[in-house]
Amino acid sequence: MTPKHLGQSTPLPASPEEAELDYVPNPRADQLYLVRFTSPEFTSLCPVTGQPDFAHLVIDYAPAATIVESKSLKLFLGAFRNHAAFHEDCTVGIGERLFREMQPRWLRIGGYWYPRGGIPIDVFWQSGAAPEGLWLPDQGVAPYRGRG
């Protein structure tokens, strides 16, 4: 499992479907622990108006045999910049793809979307119940009050 993107000049993929996620062996596969990725400036496009949508994503997972390589994750998330989809589709789709490909013990994603039409939409997905004994910190994103 040699990362394809790490240490390479890699252009942003044209779409999430074209993005290749890299996974590397988990150096602590015998341990139960949590990994958190935060993307506070995630963007995609409204599928109706084509206007940009913005979100603060928090991805938590308990690795099994592999971990996701962070540069490939950054490129994957960046590929949504020109992707037209509803908030629910983006958030759940990211979680499902990571879970399907990486096969962690557990994964959750919180999509804290900025208002569209005056209504903030927060979307949450998880692969199932968290493993017993896994420390689950709060995702740290306050309910919408200007997100400041």
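Let's start at Ile94. Setting aside residues up to four places away in sequence, Ile94 touches Phe42, Leu57, Ile59, Phe76, Leu77, Phe80 and Ile109. Keep in mind that this is a predicted model.

Now widen the view. Ile94 belongs to the largest nonpolar core, which has 27 residues. Ile94 is among those with the most contacts inside this core, together with Phe42, Val68, Phe76 and Leu98. Which elements give two or more residues to this core? They are strand S1 (23–25), S2, S3, S4, H1, H2, S5 and S6. As general background, nonpolar side chains in soluble globular proteins tend to be buried together.

Next, helix H1. H1 spans residues 70–78 and is mostly covered. Seven of its nine residues are buried. The buried ones are Lys71, Ser72, Leu73, Leu75, Phe76, Leu77 and Gly78. What do they pack against? Strand S2 (35–45), S3, strand S4 (66–68) and helix H2 (87–102). Look at the N-terminal end of H1 too. Glu69 caps that end. A side-chain oxygen of Glu69 lies 2.9 Å from the backbone nitrogen of Lys71.

On to a strand pair. Strand S5, residues 106–113, pairs with S6. The sense is antiparallel, over five bridges. Ile109 stands opposite Trp125 in S6.

S6 itself has two faces. Val123 and Trp125 make up the covered face. Asp122, Phe124 and Gln126 make up the uncovered one. In a regular strand, side chains alternate between the two faces of the sheet.

Now two single residues. First, His56, in strand S3, residues 52–62. Is His56 buried or exposed? It is buried, because its relative accessible area is 18%, and the cut-off for buried is under 20%. Beyond four places in sequence, His56 touches Thr38, Ser39, Pro40, Gly110, Gly111, Tyr112, Tyr114 and Val141.

Second, Tyr144. Find it in the segment after strand S6 (122–126). Leaving aside neighbours within four places in sequence, Tyr144 is in contact with Tyr114, Pro115 and Pro120. Tyr114 is also on the contact list of His56.

One distance to finish. How far apart are the C-alpha atoms of Tyr144 and Pro47? They are separated by 23 Å, and the two residues are 97 residues apart along the chain.

Methods
Residues are numbered from 1 along each chain as its sequence is written. This is a predicted model: local features need pLDDT of at least 70, side-chain atom pairs count only at pLDDT 80 or more; totals for chains, interfaces and linings use all residues. Side-chain values use heavy atoms; hydrogens and water are left out. Helices (H or I, at least four residues) and strands (E, at least two) are DSSP runs, numbered from the N terminus. Buried means under 20% relative accessible area, exposed over 50%, partly exposed in between (1.4 Å probe, protein chains only). Contact means heavy atoms within 4.5 Å. Two strands pair if DSSP finds at least two bridges between them. A polar contact is a pair of N or O atoms within 3.5 Å; within protein, one must be able to donate a hydrogen and the other to accept it, and residues adjacent in sequence count only if both atoms are side-chain atoms. A nonpolar core is a set of buried Ala, Val, Leu, Ile, Met, Phe, Trp, Tyr and Cys residues joined through side-chain atoms within 4.5 Å.
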